[in-house]
Amino acid sequence: MLDRYLDDLEKRLDPEQELALEQDWFRFADGHQTDGPFSPPGRQPAPPTCDWPDININDAIKDDDLMLLSQFKLCSDHLASGSNLLMAVRTNYGVGIIPSFFGVEPFIMPYHMNCLPNVRPLTGGSETIKELISKPLPSLDQGYGPQIMRLADRIQEIRRRYPKIGRFIRIDHPDGQGPFDIVELLWGSDAFYALYDDGELVHALLDHICRFYIAFFDHWFQEMPPADTYHAYFGRLHRGLITIRDDSAMNLSPALCREFVHPYDARLLEHFGGGAIHFCGRGDHYIADMVLAKGLSAIDLSQPHLNDMRQIISQTIDRGVNLHTAGSDNLLKIDLSAHARHRLSLR
């Protein structure tokens with residue numbers, strides 16, 4: 001089923017263009033000077049020679065072939081459009097990958113939404129959380145684990161058969177979210193009350209999650225050895241092997257983030273040789289503490305219009321941390337001439 005599409009992708013890949021684009025992204029990730037915000041030249045568009053089907057995510061999560069086809073179609077789309085982003089594929093099972101190892105129930109979105117699945121939190125409140133952390137770390141061959149590792153084997157086999165795909169299409173690690181995001185996914189919204197009512201239990205859960213996170217990703221990188229010491233998050237390159245998601249932190253005060261979010265992010269960044277942090281929503285209130293984590297090389301921010309971008313810029317690019325974000329009115333009105341514009345990439 002896949003060979004027809006992989007043959008098409010392999011033929012359309014132009015090593016000269018891919019090498020040039022890759023080198024541009026490496027220079028940006030390493031902080032080399034440019035004239036302004038980073039925006040590398042795109043590829044020459046290379047239209048497909050066959051019709052790539054659109055795959056509904058609900059179908060992809062049930063079928064390995066369809067999951068692979070949906071991911072490589074994203075790469076085909078990059079070539080067709082002349083995108084200036086790096087190509088990557090991932091095992092695309094949504095935010096519930098790590099929670100799935102702890103026995104949560106998947107929540108599959110309505111088919112017409114074509115949206116990644118989520119999970120239902122565990123029932124039983126704090127007593128269930130106490131029971132969870134009293135047990136050994138979960139086995140890696142439950143939850144989404146078998147599907148993910150099965151796909152890892154398939155991707156490795158494809159990379160061996162197709163040398164240009166193997167060289168120029170990067171492997172994005174599974175979506176691990178971030179430690180506090182996982183707390184909310186496991187515990188539900190009561191986790192926010194627990195920050196005040198039982199902080200010790202929240203810390204114990206965060207420690208348990210971090211130990212499993214490390215075990216899971218150590219296993220992932222053993223099965224899927226990184227090509228280098230960089231990670232491409234939706235095509236945008238940064239130094240370090242991981243990208244942490246801190247969407248739930250937007251609900252917290254700076255003081256709560258200092259206690260329950262940043263130390264655990266820093267623990268993961270140190271273990272994996274650095275990386276980036278992504279957040280949706282407003283994060284300008286905790287960004288100053290977030291960027292202190294050793295090994296943090298980039299911030300990926302999806303909604304600049306919800307943030308004070310002067311504060312974001314002063315705490316990221318002006319302190320040597322790259323910033324990936326979208327253009328918006330409140331960003332484009334800022335005079336960037338006095339800032340480290342070469343550390344800013346706009347999408």
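Cavities, pockets and aromatic pairs

Q: How many cavities of 30 Å³ or more does the count give?
A: On a 1 Å grid over the protein atoms alone, a cavity is a set of points where a 1.4 Å probe fits but cannot get out, and by this rule the count comes to two cavities of 30 Å³ or more. Grid points are joined across faces, edges and corners, and a volume is the space filled by probe spheres set on the points. The model is predicted, so local features need pLDDT of at least 70 and side-chain atom pairs count only at pLDDT 80 or more, while totals for chains, interfaces and linings use all residues. Residues are numbered from 1 along each chain as its sequence is written, and side-chain values use heavy atoms, with hydrogens and water left out.

Q: Which residues line the largest cavity?
A: Lining residues are those with an atom within 4 Å of a point, and for the largest cavity they are E18, E22, L86, M87, F168 and R170. The space inside the largest cavity is about 40 Å³. For classes, Ala, Val, Leu, Ile, Met, Phe, Trp, Tyr, Cys and Pro count as nonpolar, Asp, Glu, Lys and Arg as charged, and the others, Gly among them, as polar; the lining of the largest cavity then has three nonpolar, no polar and three charged residues.

Q: What lines the second largest cavity?
A: The second largest cavity, with a volume of about 30 Å³, is lined by M67, L68, Q71, F72, V89, R90, T91, L151 and I155. Helices (H or I, at least four residues) and strands (E, at least two) are DSSP runs, numbered from the N terminus, and the elements giving two or more residues to this lining are helix 4 (64–81) and helix 7 (145–161). Helix 4 gives the most, with four residues, and by class the lining divides into six nonpolar, two polar and one charged.

Q: What is the volume of the largest pocket?
A: A pocket is an open set with protein on both sides within 12 Å along at least five of seven lines, and the largest pocket has a volume of about 500 Å³. Of the 27 residues that line the largest pocket, R90, N92, L116, F234 and R245 are the closest to its centre. Helix 4 and strand 1 (87–89) are the elements that give two or more residues to this lining, and the largest share, four residues, comes from helix 4. The lining of the largest pocket has 14 nonpolar, eight polar and five charged residues.

Q: How many aromatic pairs does a search of the whole structure find?
A: Rings of Phe, Tyr and Trp (its six-membered ring) pair if their centres lie within 6.5 Å, and planes under 30 degrees apart count as stacked, over 60 as edge-to-face and the rest as tilted; the search finds 18 aromatic pairs. One of them, the pair of F101 and F216, is tilted, at 5.3 Å centre to centre with 55° between the planes. F101 lies in the loop between helix 5 (97–100) and strand 2 (105–107) and F216 in helix 11 (residues 199–223), so the pair ties together parts that are 115 residues apart in sequence.

Q: Are F101 and F216 buried or exposed?
A: Buried means under 20% relative accessible area, exposed over 50% and partly exposed in between (1.4 Å probe, protein chains only), and both F101 and F216 are buried. Y213 and F217 form a stacked pair, at 4.8 Å centre to centre with 25° between the planes, and both lie in helix 11, four residues apart, about one turn of the helix.
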